[in-house]
Amino acid sequence: MEPSTVHEQAAPVICALLGPNGAGRTSTMRMLVGLSSPDIGSAVTGKVRRVEPCGKIAS
């Protein structure tokens, strides 16, 4: 019989992203999940950089 392992889990957290129409809620979520990238700036969650600015397009 193998020894049992105890897994601790943090309490669930509910987070809301609020703002008026056109405030950029959907764009922010798309950037955080990697579907798009920002023109400038970045996002960091914990110690992990989630979003990097996209490169400039040469003209």
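**Notebook: a first look at this model**

I began with burial: buried residues make up 5% of the 59 residues in the protein. Here buried means under 20% relative accessible area, exposed means over 50%, and partly exposed lies in between, using a 1.4 Å probe and protein chains only.

I noted that this is a predicted model, where local features need pLDDT of at least 70, side-chain atom pairs count only at pLDDT 80 or more, and totals for chains, interfaces and linings use all residues. Residues are numbered from 1 along each chain as its sequence is written, and side-chain values use heavy atoms, with hydrogens and water left out.

Next I checked confidence. The average pLDDT (the predictor's confidence in each residue, from 0 to 100) is 76 for the protein, and 76% of the residues score at least 70.

Then I looked up the elements. I found one helix and two strands, in the order α-β-β along the sequence. Helices (H or I, at least four residues) and strands (E, at least two) are DSSP runs, numbered from the N terminus.

I turned to contacts, meaning heavy atoms within 4.5 Å. Of those with a separation of 6 or more, 0% come from residues 24 or more positions apart.

Now the surface. The accessible surface comes to about 5900 Å², and carbon and sulfur atoms hold 57% of that. Such areas come from the Shrake-Rupley method with a 1.4 Å probe; for residues, only the protein chains shown count as cover.

Which residues make a nonpolar surface patch of about 470 Å²? I listed L17, M29, L32, V33 and L35. One of them, L17, sits in the segment before α1 and is partly exposed, with a relative accessible area of 42%.

Last, I visited S37, in the loop between α1 and β1 (43–45). Is S37 buried or partly exposed? S37 is partly exposed, at 35% relative accessible area. Its C-alpha atom is 9.0 Å from that of S27, 10 residues apart along the chain.

Key: Patch = residues over 30% accessible without salt bridge, like charges linked within 9 Å, V, L, I, M, F, W, Y side chains within 5 Å. Salt bridge = Lys/Arg side-chain N within 4 Å of Asp/Glu carboxyl O.
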